[in-house]
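Here is a short briefing to read alongside the structure. Have the viewer open, and let's begin with a pair of helices.

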Amino acid sequence: MRIERLILSNYRQFRELDIHFATKQDHDLHLFVAPTGTAKTNLVNAINWCLYYQEPHLTADSQLLPIINLKAIEEACDDADQEVKVEIWAKAKKDETIAFVRKGIYRVRSKQPVHQKTEFEVRVTDPKGNTKLLIDEDAHSYVERFVPQRIREFFFFDGERLDSYFREATGDKVRSAIFQISQIDLLDTVSEKLDLVLRELLKEAGKESPSIDATRANLEKAENSRKDCLQKIGECEKQIDMASARIKELRERLVGMPDAQTLEKERQDLGAERKRKEEVLKAKEAQKRDLLFEYATIIPLWLAIEKSTQVIAKKRAEGEIPPTVDKSLLEGILNEKVCKICGRSLDSLAVRHVRDVLEQVTLSSEVAQQLLRMEHPLGMFEDKVKDFEKNISRISKDIGDLKADMGRIEESIKKINTALSGHNTEQIREWNEALNQFEGLRADNQTRLGELKEAQRRVDTEIQRHKAELDREFKKVEKVKKLGKEKVFCAKALDIAQKTKEAILQEMKDKIEYETKRLFLELVWKKESFKDVRIDQKYQISLIHWMGWECLGTVSAGERELLALAFTLALHKVSGFDSPIVIDTPVARLAGESRENFGRVLCQVSKDKQCILLFHDDEYSSNIRKYMDSKAASRSLFRLSQDEKEVKMEVLSNA
Amino acid sequence: MPEAPDRIYIDEDDRKLLEKIDGDPEQLFSHDAGRSRKEQFLCFMAFGFRHGVKRPIEGKKDGLFLVKDLRPEDEALINAVAIYDSGSVDVLANISRVYETAEQYARGGMRLLLDSIESSQTGTFEKKLEKELYEIFSNIVDKQSGGVKLGE
């Protein structure tokens with residue numbers, strides 16, 4: 001099914017707009033280019049309003065305005081009805097023309113539109129010209145055959161969706177997409193109903209037998225615990241998926257960036273180490289200064305020290321040290337001729353004898369005592385001088401080592417400064433902090449998940465035990481035997497419904513995985529870089545590099561958007577709804593080569609599917625134009641009228 | 001015998017030179033760097049002795065520190081200088097002369113040191129001093145290598 005025509009009447013900025021979507025050669029590609037404020041996005045809203053009576057992409061400005069065109073309000077007479085109308089004419093494969101038409105009737109009073117009613121109809125015209133008019137439920141069910149409301153977001157969307165789809169947690173999104181596409185809600189309803197019937201049966205049986213009632217109550221309790229447990233497991237897995245995606249994203253951002261947090265910590269540690277070394281160096285230098293000062297007092301006196309030492313040694317050798325005779329005492333005795341010890345006068349013989357002794361004594365006892373006192377300190381100085389070189393060298397070496405250490409520290413700090421220069425260290429630190437937080441969150445949840453799974457296993461065993469007990473009780477009590485047969489039937493039907501649902505989901509997942517891979521590898525510009533696309537049991541999508549590793553986190557924005565597009569197209573194919581794809585701002589988030597490549601891919605996609613692309617004028621750059629202009633079946637430009645109340649379309653080319 | 005002096009003197013004019021040295025806490029000989037007056041005096045004396053420069057106190061005598069603060073090892077150095085200077089141990093019997101000799105060498109040494117400090121670039125004086133001490137030490141070692149070993 002493709003859109004042949006889109007007619008807008010009084011819809012927001014569009015007073016009257018009639019767009020024909022003709023095909024050209026191989027490409028069913030339609031381009032709309034619009035400057036800011038020209039309601040390009042409202043074209044997507046118009047499609048959604050017509051089909052689903054919803055406007056999911058309204059901007060904040062548009063939300064404040066009435067849906068009916070402002071000029072139409074202005075021109076309306078008081079109390080006159082004005083009509084907003086959007087028509088989508090589509091062509092089905094059997095050559096049927098289907099027109100989806102929604103009308104909103106507004107009564108204008110004092111220039112204020114008041115909603116009166118909204119009508120929706122579908123007109124189906126067969127190739128012979130017979131037209132069938134469908135309204136109400138019939139009309140809505142026809143929409144569901146075109147693009148079901150629940151999966152419309154895979155057909156009419158903003159390019160942002162492609163950019164962000166695989167940047168965040170994917171498991172839940174992919175699962176939900178596959179679930180929606182699989183349309184297994186009927187099986188869900190059947191399961192719920194069967195479960196309800198089963199519970200009622202058990203309650204009824206419980207009335208007949210207290211033991212059945214007690215076991216039923218226990219079973220219900222255990223089943224509620226299981227439900228609770230599964231819900232918590234789901235939340236936990238969601239947290240793990242979210243944390244994993246954020247970790248992946250942050251690691252991707254941090255690739256090639258310095259580890260600012262570690263480096264800053266290292267720089268701080270080095271700074272502290274440098275300060276500590278500085279203090280030690282200061283102390284060592286002071287120590288050396290003290291030592292130099294000490295030696296500056298001794299070494300220059302070496303000759304004096306040496307001479308005194310020699311004199312003392314000689315005097316000691318001659319027996320003058322220590323002194324045996326007091327020279328001054330003898331001199332006093334001779335002068336006074338009286339013995340200072342016994343008080344007797346000296347005769348001539350005694351005087352001669354004292355004089356002889358005095359002649360032999362050259363050193364006074366006072367001087368000898370002084371020399372004696374000098375002997376030890378001088379020896380100490382000699383020893384000290386002997387150690388001069390050793391002591392100074394040791395301390396100089398310590399100082400040299402400290403300076404070398406400080407030089408190395410300085411060098412390391414310099415390297416860190418160089419590594420960090422030119423980077424937003426605050427931002428990097430924030431990312432690293434966030435990375436640590438998410439790693440912690442993931443680890444916590446993984447632990448909790450383990451505990452919850454263990455709890456689930458215990459509850460499952462308990463449920464099995466209660467069920468077996470119930471089976472036994474049903475066999476024992478005669479009155480409930482019939483109910484027992486019904487119970488078995490219900491339980492089996494429920495089991496089949498659930499298994500069927502799982503089987504369908506698995507089959508859809510496999511098909512989507514296959515189609516996504518096929519489309520991605522077909523469309524990707526670097527053909528040799530990738531070898532596989534996988535969707536695992538947890539619905540996590542992985543892109544496998546030809547070398548075998550998972551590389552979704554490191555591919556370019558263009559390749560990531562392409563994967564999202566391939567996934568979306570795979571969903572289209574598997575869902576069986578061959579409807580057009582309408583993308584608002586398809587390449588706005590891409591630049592350079594990625595934009596060019598993606599533009600080329602969209603051209604290729606338009607060979608098999610109608611593609612309606614709404615570009616912002618900046619986005620429709622020369623590298624996009626050079627591929628698309630020649631292939632586009634139609635190119636149109638939106639312009640805002642001078643009074644800014646109406647958008648007009650200028651057709652630049654049409655097939 | 002003349003009475004032994006109770007303190008060691010410097011020339012009153014040299015007080016200014018001393019204050020000049022003291023002004024810099026980074027200076028090896030500075031009072032602010034923790035050197036006592038007695039330690040400063042002994043070091044100046046050693047410097048004067050090394051260079052054979054003696055300068056008698058010409059102006060008014062200004063007491064630097066008390067003799068009682070001298071320890072036996074300080075006295076041993078002062079005595080050794082006096083013995084070397086006079087050529088006789090008998091000088092020790094005249095303690096006034098011993099101190100006078102020390103004061104004269106200290107006065108000469110103080111001026112020499114100050115000149116050396118002032119003529120050195122910042123931070124190089126200590127290196128110069130270290131080098132000079134090494135030279136003296138090498139001479140001592142050389143002189144003794146043929147005879148009695150140093151410290152034996």
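This is a predicted model: local features need pLDDT of at least 70, side-chain atom pairs count only at pLDDT 80 or more; totals for chains, interfaces and linings use all residues.

- The crossing of H9(A) with H5(B) is left-handed.
- On the H9(A) side, the residues that meet H5(B) are A:Arg289, A:Leu292, A:Tyr295 and A:Ala296.
- Their counterparts in H5(B) are B:Glu126, B:Leu129, B:Glu130 and B:Leu133.
- Sorted by class, this contact of H9(A) with H5(B) has five nonpolar and three charged residues, with no polar ones.

- In total, 33 residues of chain A are in contact with 30 residues of chain B.
- Helices H9 (260-298), H10 (302-317), H13 (365-386) and H14 (388-420) of chain A each give two or more residues to the side that touches chain B.
- H13(A) supplies the largest share of that side, with 13 residues.
- By class, the side of chain A that touches chain B has 21 nonpolar, eight charged and four polar residues.

**A strand hairpin in chain A**

- Strands E13 (residues 634-640) and E14 (residues 647-654) of chain A pair in the antiparallel sense, over seven bridges.
- A:Leu640 has A:Val647 in E14(A) as its bridge partner.
- Six residues lie between E13(A) and E14(A) in this hairpin, and A:Glu644 in the turn has a positive phi of about 60°.

Terms used:
Residues are numbered from 1 along each chain as its sequence is written. Chains are lettered from A and ligands numbered from 1 in the order in which they are written. Two residues are in contact if their C-beta atoms, placed from the backbone, lie within 7 Å. Helices (H or I, at least four residues) and strands (E, at least two) are DSSP runs, numbered from the N terminus. Ala, Val, Leu, Ile, Met, Phe, Trp, Tyr, Cys and Pro count as nonpolar, Asp, Glu, Lys and Arg as charged, and the others, Gly among them, as polar. Two strands pair if DSSP finds at least two bridges between them. A crossing is left-handed if the near helix is turned anticlockwise from the far one by less than a right angle, and right-handed if clockwise.
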